[in-house]
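Student: I have a structure open and would like to get to know it. Could you take me through it step by step?

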Amino acid sequence: MKKHALITLAESVSDIRELETRFLDAIDENAPDEETLIRLDTAIKVGKITFFVAKIGGTPVGMCSVSRCFSTFACSDIAQFDDFFILPEYRHGGIARDLAEAAQQWCRDNGITSLTVTSSPSDEAMYQHLGFTLRLGTTYANVIE
């Protein structure tokens, strides 16, 4: 059954704090400390990252983020889709699609020409179902310490 969610933009870390903590716990990462939350709040406020929050009856039940950067390949702004999380009791009701569509529309409205997501193999089908269908290769990371 589709659960109708209102999708809003987070204005500060307080709008996503509980969801971010539950998301990190679900992927076996540590909860954010106060210093991390301050950095995240600053990034939200200066527009480095935009969080979309799904609410049902005023309660935040899901989120995702879009982080923009400039691509010399595209010679335009592109973005990364991330922080995708829906509380387990609200999954399979259409909220994932609502969040992905809101993020994609925001990208169109803000001149972002490409939205990518990095996925584990187990989540590939879900992201393809949400419109991420162009395979660009494999992502590698180098953690800079």
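This is a predicted model: local features need pLDDT of at least 70, side-chain atom pairs count only at pLDDT 80 or more; totals for chains, interfaces and linings use all residues.

Student: In which sense do strands S3 and S4 pair?
Tutor: Look for S3 at residues 59–71 and S4 at residues 76–86.

Student: Which residue in the turn between S3 and S4 has a positive phi?
Tutor: S3 and S4 form a hairpin, and 4 residues lie between them.

Student: What is the bridge partner of alanine 79 in S5?
Tutor: S5 covers residues 112–117 and pairs with S4 in the parallel sense. The two strands share 4 bridges. Within S5, the partner of alanine 79 is leucine 115.

Student: What hand does the β-α-β unit of S4, H3 and S5 have?
Tutor: Follow the chain from S4 through helix H3, residues 95–109, and on to S5. These three elements make a β-α-β unit. Its hand is right.

Student: Which element gives the largest share of the largest nonpolar core?
Tutor: That core has 37 residues, and Ile16, Phe51, Val66, Phe81, Phe84 and Leu99 touch the most other members. H1, H2, S2, S3, S4, H3 and S5 each supply at least two of its residues. As general background, nonpolar side chains in soluble globular proteins tend to be buried together. The largest share, 7 residues, comes from H3.

Student: Is alanine 43 buried or exposed?
Tutor: You can find alanine 43 in helix H2, residues 34–45. Leaving aside neighbours within four places in sequence, alanine 43 is in contact with Lys48 and Ile49. Its relative accessible area is 16%, and because buried means under 20%, alanine 43 is buried.

Student: How far from glutamate 20 is the nearest side chain of opposite charge?
Tutor: Glutamate 20 lies in helix H1. Setting aside neighbours within four places in sequence, its contacts are Phe51, Met63 and Asp83. Glutamate 20 is buried yet has no salt bridge. The nearest side chain of opposite charge belongs to arginine 39, at 10 Å.

Student: How many salt bridges does a search of the whole structure find, and which residue does glutamate 34 meet in one?
Tutor: The search finds 6 salt bridges. One of them links distant parts of the chain, with one partner in helix H2 and the other in helix H1, 17 residues apart. At 2.5 Å, N to O, the side chain of glutamate 34 meets that of arginine 17.

Student: About how many helical turns separate glutamate 35 and arginine 39?
Tutor: The side chains of glutamate 35 and arginine 39 meet in a salt bridge at 3.1 Å, N to O. Glutamate 35 counts as exposed at 56% relative accessibility. Because glutamate 35 and arginine 39 are 4 residues apart in helix H2, their separation is about one helical turn.

Student: Are aspartate 77 and arginine 68 exposed or only partly exposed?
Tutor: Their side chains meet in a salt bridge of 3.1 Å, N to O. Aspartate 77 has 24% relative accessibility, and arginine 68 has 30%.

Student: Where is aspartate 28, and is it buried or exposed?
Tutor: Aspartate 28 has a phi near 60°, a positive value in a residue other than glycine. Its place is in the loop between H1 and H2. With a relative accessible area of 73%, aspartate 28 is exposed.

Student: What is the relative accessibility of histidine 92?
Tutor: Histidine 92 sits in the loop between S4 and H3. Although histidine 92 is not a glycine, it has a positive phi of about 65°. Histidine 92 counts as exposed, and its relative accessibility is 81%.

Technical notes:
Residues are numbered from 1 along each chain as its sequence is written. Side-chain values use heavy atoms; hydrogens and water are left out. Two strands pair if DSSP finds at least two bridges between them. A crossover is right-handed if, with the strands pointing away from the viewer, the path from the first strand over the helix to the second runs clockwise. Buried means under 20% relative accessible area, exposed over 50%, partly exposed in between (1.4 Å probe, protein chains only). Contact means heavy atoms within 4.5 Å. A nonpolar core is a set of buried Ala, Val, Leu, Ile, Met, Phe, Trp, Tyr and Cys residues joined through side-chain atoms within 4.5 Å. Lys and Arg count as positive and Asp and Glu as negative; His and the chain ends are not counted. A salt bridge is a side-chain nitrogen of Lys or Arg within 4 Å of a carboxyl oxygen of Asp or Glu.
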